Amino acid sequence: MLPILTFTQLALTTFWAIVFVQSGLDKVLDRKGNLSWLKGHFKHSPLRGIVPLLLSVLTIVELTAGILCVIGVTQIVISDDLTFAQYGIQLSTVALLMLFFGQRMSKDYEGAATIATYFAVALLSLYLIG
(Lines give C-alpha, C1' and ligand atoms only; values in the text may rest on other atoms or scores of the structure.)
Protein backbone atom coordinates (compact mmCIF):
# COMPACT_ATOMS: atom_id res chain seq x y z
CA MET A 1 0.00 0.00 0.00
CA LEU A 2 1.25 3.49 -0.91
CA PRO A 3 1.83 6.07 1.81
CA ILE A 4 -1.05 8.57 1.85
CA LEU A 5 1.11 11.50 0.68
CA THR A 6 2.47 9.50 -2.27
CA PHE A 7 -1.04 8.36 -3.18
CA THR A 8 -2.29 11.96 -3.00
CA GLN A 9 0.58 13.18 -5.19
CA LEU A 10 -0.14 10.40 -7.67
CA ALA A 11 -3.87 11.17 -7.71
CA LEU A 12 -3.34 14.91 -8.22
CA THR A 13 -0.82 14.42 -11.00
CA THR A 14 -3.15 11.93 -12.69
CA PHE A 15 -6.02 14.42 -12.38
CA TRP A 16 -4.04 17.13 -14.19
CA ALA A 17 -2.83 14.64 -16.81
CA ILE A 18 -6.45 13.74 -17.61
CA VAL A 19 -7.65 17.35 -17.62
CA PHE A 20 -5.01 18.68 -19.97
CA VAL A 21 -4.37 15.71 -22.26
CA GLN A 22 -8.11 15.53 -22.93
CA SER A 23 -8.51 19.29 -23.33
CA GLY A 24 -5.46 19.62 -25.57
CA LEU A 25 -6.45 16.67 -27.74
CA ASP A 26 -9.96 18.08 -28.11
CA LYS A 27 -8.44 21.33 -29.37
CA VAL A 28 -6.31 19.41 -31.89
CA LEU A 29 -8.98 16.97 -33.07
CA ASP A 30 -11.75 19.59 -33.31
CA ARG A 31 -9.79 22.74 -34.00
CA LYS A 32 -12.39 24.02 -36.46
CA GLY A 33 -15.23 23.62 -33.96
CA ASN A 34 -13.23 25.10 -31.10
CA LEU A 35 -12.11 28.02 -33.25
CA SER A 36 -15.65 28.72 -34.39
CA TRP A 37 -16.97 28.71 -30.82
CA LEU A 38 -14.09 30.83 -29.51
CA LYS A 39 -14.47 33.44 -32.24
CA GLY A 40 -18.06 33.90 -31.15
CA HIS A 41 -17.10 33.87 -27.48
CA PHE A 42 -14.50 36.62 -27.98
CA LYS A 43 -16.29 38.70 -30.65
CA HIS A 44 -16.75 41.65 -28.26
CA SER A 45 -13.38 41.22 -26.56
CA PRO A 46 -10.06 42.98 -27.22
CA LEU A 47 -8.73 39.47 -28.01
CA ARG A 48 -11.09 38.95 -30.98
CA GLY A 49 -8.40 39.50 -33.63
CA ILE A 50 -5.94 36.96 -32.27
CA VAL A 51 -8.19 34.03 -31.33
CA PRO A 52 -6.49 31.54 -33.72
CA LEU A 53 -3.06 32.39 -32.30
CA LEU A 54 -4.29 32.16 -28.72
CA LEU A 55 -5.94 28.80 -29.42
CA SER A 56 -2.66 27.47 -30.82
CA VAL A 57 -0.65 28.70 -27.84
CA LEU A 58 -3.19 27.32 -25.36
CA THR A 59 -3.25 23.96 -27.15
CA ILE A 60 0.54 23.66 -26.92
CA VAL A 61 0.58 24.65 -23.25
CA GLU A 62 -2.24 22.26 -22.34
CA LEU A 63 -0.75 19.29 -24.20
CA THR A 64 2.69 19.95 -22.75
CA ALA A 65 1.26 20.21 -19.23
CA GLY A 66 -0.69 16.99 -19.70
CA ILE A 67 2.27 15.08 -21.13
CA LEU A 68 4.55 16.29 -18.33
CA CYS A 69 1.95 15.05 -15.84
CA VAL A 70 1.77 11.66 -17.59
CA ILE A 71 5.55 11.40 -17.31
CA GLY A 72 5.24 12.57 -13.70
CA VAL A 73 2.77 9.80 -12.89
CA THR A 74 5.20 7.28 -14.34
CA GLN A 75 8.09 8.74 -12.33
CA ILE A 76 6.10 8.66 -9.09
CA VAL A 77 5.17 5.01 -9.60
CA ILE A 78 8.67 3.90 -10.63
CA SER A 79 10.95 5.97 -8.43
CA ASP A 80 9.00 8.35 -6.15
CA ASP A 81 10.53 11.20 -8.18
CA LEU A 82 8.31 14.30 -8.32
CA THR A 83 10.32 16.35 -10.83
CA PHE A 84 8.08 15.98 -13.88
CA ALA A 85 4.93 16.10 -11.75
CA GLN A 86 6.10 19.48 -10.45
CA TYR A 87 6.80 20.75 -13.97
CA GLY A 88 3.45 19.46 -15.22
CA ILE A 89 1.44 20.96 -12.40
CA GLN A 90 3.27 24.27 -12.68
CA LEU A 91 2.46 24.42 -16.39
CA SER A 92 -1.12 23.32 -15.63
CA THR A 93 -1.40 26.33 -13.34
CA VAL A 94 -0.13 28.59 -16.14
CA ALA A 95 -2.74 27.09 -18.49
CA LEU A 96 -5.46 27.80 -15.94
CA LEU A 97 -4.29 31.41 -15.63
CA MET A 98 -4.46 31.72 -19.41
CA LEU A 99 -7.99 30.30 -19.43
CA PHE A 100 -9.04 32.53 -16.53
CA PHE A 101 -7.68 35.61 -18.32
CA GLY A 102 -9.63 34.69 -21.44
CA GLN A 103 -12.86 34.17 -19.53
CA ARG A 104 -12.49 37.52 -17.78
CA MET A 105 -11.67 39.30 -21.06
CA SER A 106 -14.79 37.81 -22.67
CA LYS A 107 -16.80 38.80 -19.57
CA ASP A 108 -17.78 35.18 -18.97
CA TYR A 109 -17.73 35.49 -15.21
CA GLU A 110 -19.46 32.15 -14.63
CA GLY A 111 -16.80 30.38 -16.68
CA ALA A 112 -14.10 32.29 -14.81
CA ALA A 113 -15.59 31.14 -11.50
CA THR A 114 -15.37 27.52 -12.65
CA ILE A 115 -11.72 27.99 -13.57
CA ALA A 116 -11.10 29.57 -10.16
CA THR A 117 -12.18 26.27 -8.58
CA TYR A 118 -9.66 24.38 -10.72
CA PHE A 119 -7.06 26.99 -9.80
CA ALA A 120 -7.62 26.30 -6.09
CA VAL A 121 -6.99 22.61 -6.72
CA ALA A 122 -3.88 23.53 -8.71
CA LEU A 123 -2.52 25.56 -5.80
CA LEU A 124 -3.17 22.65 -3.43
CA SER A 125 -1.44 20.38 -5.94
CA LEU A 126 1.60 22.65 -6.07
CA TYR A 127 1.81 22.65 -2.30
CA LEU A 128 1.53 18.87 -1.98
CA ILE A 129 3.89 18.11 -4.85
CA GLY A 130 6.49 20.77 -3.94
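1. The buried residues of H2 are Asn34, Leu35, Leu38 and His41, where buried means under 20% relative accessible area and exposed over 50%, with a 1.4 Å probe and protein chains only. Viewed down the axis of H2, these buried residues fall within an arc of 125°, so they line one face of the helix; the arc is that of the directions from the helix axis to the C-beta atoms. Lys32, Ser36 and Trp37, on the other side of H2, are exposed.

2. This is a predicted model, in which local features need pLDDT of at least 70 and side-chain atom pairs count only at pLDDT 80 or more, while totals for chains, interfaces and linings use all residues. Residues are numbered from 1 along each chain as its sequence is written, and side-chain values use heavy atoms, with hydrogens and water left out.

3. The cover over the buried residues of H2 includes H1, H3 and H4, contact meaning heavy atoms within 4.5 Å. Of these, H3 (residues 51-79) has 29 residues and reaches 41 Å from its first C-alpha to its last, close to the 42 Å expected at 1.5 Å a residue. Asp80, which follows H3, has a positive phi, near 60°.

4. The largest pocket (an open set of points on a 1 Å grid, with protein on both sides within 12 Å along at least five of seven lines, lining residues having an atom within 4 Å of a point) has a volume of about 700 Å³. Its lining comprises 28 residues, of which Lys27, Leu38, Leu58, Glu62 and Leu99 lie nearest the centre, and these 28 divide into 17 nonpolar, eight polar and three charged.

Key. Helix = DSSP H or I, 4+ residues; strand = E, 2+ residues; numbered from the N terminus. Expected span 1.5 Å × (residues − 1). 1 Å grid on protein atoms, 1.4 Å probe; cavity = no way out; pocket = protein on both sides within 12 Å on 5 of 7 lines; lining within 4 Å. Points joined across faces, edges and corners; volume = space filled by probe spheres on them. Nonpolar A, V, L, I, M, F, W, Y, C, P; charged D, E, K, R; others polar.
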